[in-house]
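Hi everyone, thanks for making time. Let me put the structure up, and then we'll walk through a few spots together.

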Amino acid sequence: MFNLRGISMKLFRAGWPNVVATICTIAISTCLIMTIMLYSFNAKQHMADELYKLFGNVDLMVGYNPEQQQYVTTEQYVAIKDTEGVESTSKASLVFTDVDDRLHSVYTLGVENDKLVKSRYHFTANLTEHDVIVSQTLADTLKVHVGEAIQINGSPFTIREILSNKGVQADAPQMLLVSNNVAKQWMSAKSNTEAMFVMIKTEDAANVTETSVTLKALDEALRVDVTAEDPFIQMNVRTLSIFIIVLSVFILAITGVLLLSNFQLLFYKMKQQFIIMRSLGATSQQVGKIVSGQLTTMNVVGVTFGTVITFFTVRFGLQYFVSYLGLPESNNLFLVVPAFITAGICFVVLQLFVWIQVQQSLRILPMQLMTNNERIDVAFSKKKGVAITLLTIVSLLLMFMSQLNQDGRGALLLLIGALLFCLTLILIFPLLLSNGLKAIMKPAHRLFGKEVALAIKNMMPQVKSNTSVVLSIIFLMVILIFGSSIMKTLQQNEEAYLTERYETPIIVKNTLGYDASTDLDIQQLLRDVKAISTVQDVYAKGINDLLDMKTAEGWKPFNFSAINMAKMVELGKIDHFEGEYEEGIVISKQFAKDHDLSLGDKVEIGQFKDTLQDVAPLGYLTVAAITREPLEMADLYVDWSVHLPFERSLVLDELFVQTSDEEKTMLALEELKKKYPELTISSFKTSIEEADRMFHQRWGLFTGVLLILIATTCLGVFQSLMHYIYSKRQDYAIQRLIGLTPNQLVKLIVAQILLFITYSIVAGSIVGCTLTYALAMIDSTGTLYFDVQTITMVSVGFIVLSVLLFAGQGWLLTRQKLIDEIH
């Protein structure tokens, strides 16, 4: 006697080829998803680790350069500690000392014994006034060890620790760490001197840039260094993580469809056993338990194998993968918790497809089992017609409503509507195919011969039974078209955006916006930038603000921005300017039409005042120029020299810098940034290089995933189609008996496969293009580009591979004895 588990395992072993293929499919997809997810976690951790190696827990360093001969006083130090957003501080001083009368001007830091400075310089010993910590490089030069004594500025000090060079570049400096009190004595500091500079750790919720500006306000001579990672690297890792999540969803979707195909194939092979079991009295629940046990076992084994393969991939292959694709650097750690969470998600999602197959098995009766795979109709039932009609109406209605809601809600409506419309297309395609095949059968017979007509006739009954094959290719084409087109669109639009944005080779941006309005002296900043020898020209653009204009209906608020009018005229953005810059206003042609304005008209300008809780008149400006299109995202434009007494000062947004030597100018601006820490500096050359590098990172990742998906899809699809051809051997043998030659049989088989593959590719292309175009409507400002070359290459490759493989299978079938095939 066998229990249900025993029967399940016996049937399991009977269909081992399909079982192995299914487990391999699950293992590959799990490994792929887990590897890229662990890479994402490792990349973030690597970024944090590298930042810690460089700066420890220090977010800001505030102080003076040695040549300034200034020091942080007790009063300043208290103010720094009390600054909002500051969590902890550590005092430090810098001097240059003589060591053992052999080395002169050695870099010597005076430090405290707190955790912050220990994290910054990575030491553990507590220093007294007679102790010193030596860098490994200096220790090697002096040939000294821990516990030995050295002379510093003529005084003896005992070595308590040697700083390791591990993880430090080859040119690690020769450096000493002593007590801050000792360093202050060597600096001949005054009694109220605390340090030369202060290291700061900010609170987690604090804005580091805002904190740096507040600290800078304590003394204009203070130097403020922000130790954060490059914003581009941070943004790159974040966007890469989002891209990885999207890819993972796609992988799970196509894997699930492939599993359904494999499950149905396995179910077909066990049909006879299930017929006998149901005839002997087995209930549908018992059959369901057998099927569930088999499929769940495959899922568990596949996910487990995938996890094991991922371990070796991450530990020994991830660095090569990262290096080859030029991705951001990453650790090669197998993170257990994220790995098992990812594995669990994969298992749960794939188990949903197991549940679908189990539910199908519960509804099947013995006679249905005998005829399930022989059903030849794709019926357009009344229920199906109603469902398709409702889906079409709902999807189109949602997409229409999305255009009326230009916000996050509109994007969600468009996404749901697009997905529902694509689902409608997938439901309609089999019906269209059946009717289309009937319509082209006679023309195909006349044009291509009886073999193609016979292939069409044989294909018509199999449209429904091969749905999973068709869906696999459709999903692959959707992923291919959507992914490649989005990648190409992002690349082209990014290049166009950067070319338009960078009016000059370098842009300096104010990151604080309105928060810097009271502290940032725009005219002084312009003078400082112009003072750089390689700067040829510089002009500024202000942040959009609100002002009110007197109209026939009363005061109306509008966006306005400050610009350099003379420069705009020189660049041709303003065709003609009448009058004085400080008295003029520039508007667009559409704005002039909407408010019945023309050149020379005077308009009254006002601004809302908090004290009055009403609009206060500021004066009159003259319409001095009308542009065809708005210059920026504002309605009105004034010159920086405008004479109106605004409620608050005009705020800088960006500086545009023209230079004769970009590299030298960038270095000078980086030095100037220490005086203005709220500024960020970028160049067109660097931005275009980084954008190109980011594109190739994502393209490499997408290509790698796509190749694996293509290989997996080919494995599942070709396995199902080869089984389909193999199951029709008896029909082919009869056709050979009634006059079909071996070459005609091969032509028949290849024609049938080509019909399946071509139909699936065309349907997938239509669904993919529809989905891509619909989702592109979320951001209609850019231009959508389809990567026709990649799509064509994959489609043609799929077709060629199908022809070669099934021509070979057809050739093998023609070599079999007819008597064996019939029986």
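Okay, start with two helices, α17, which covers residues 467–501, and α25, which covers residues 788–814: their axes come within 10 Å and cross at roughly 155°. Keep in mind that this is a predicted model. Anything over 145 degrees counts as roughly antiparallel, so α17 and α25 are roughly antiparallel to each other. The crossing of α17 and α25 is also right-handed.

Who is actually touching whom here? On the α17 side we have I473, L476, M477, L480, I481, S484 and S485, and they meet T790, I791, V794, S795 and F798 in α25. Sort the residues of that contact and you get 8 nonpolar, 4 polar and no charged.

Next stop, E194, sitting in strand β9, residues 193–195. Is E194 buried or exposed? Its relative accessible area is 14%, and the cut-off for buried is under 20%, so E194 is buried. Its side chain makes a polar contact of 2.9 Å with the side chain of T74. If we skip neighbours within four places in sequence, E194 is in contact with V72, T73, T74, Y77, K91, N180 and K184.

N153 isn't a glycine, yet it has a positive phi of about 50°. You'll find N153 in the loop between β6 and β7, and at 35% relative accessibility it counts as partly exposed. D596 isn't a glycine either, and its phi is positive at about 55°. That residue, D596, is in the loop between α20 and β17, and it's exposed, with a relative accessible area of 70%.

How values were computed. Residues are numbered from 1 along each chain as its sequence is written. This is a predicted model: local features need pLDDT of at least 70, side-chain atom pairs count only at pLDDT 80 or more; totals for chains, interfaces and linings use all residues. Side-chain values use heavy atoms; hydrogens and water are left out. Axes are lines fitted to C-alpha atoms, for helices over the stretch in contact, and angles run from 0 to 180 degrees between N-to-C directions. Helices (H or I, at least four residues) and strands (E, at least two) are DSSP runs, numbered from the N terminus. Angles under 35 degrees count as roughly parallel, over 145 as roughly antiparallel, 65 to 115 as roughly perpendicular and the rest as oblique. A crossing is left-handed if the near helix is turned anticlockwise from the far one by less than a right angle, and right-handed if clockwise. Contact means heavy atoms within 4.5 Å. Ala, Val, Leu, Ile, Met, Phe, Trp, Tyr, Cys and Pro count as nonpolar, Asp, Glu, Lys and Arg as charged, and the others, Gly among them, as polar. Buried means under 20% relative accessible area, exposed over 50%, partly exposed in between (1.4 Å probe, protein chains only). A polar contact is a pair of N or O atoms within 3.5 Å; within protein, one must be able to donate a hydrogen and the other to accept it, and residues adjacent in sequence count only if both atoms are side-chain atoms.
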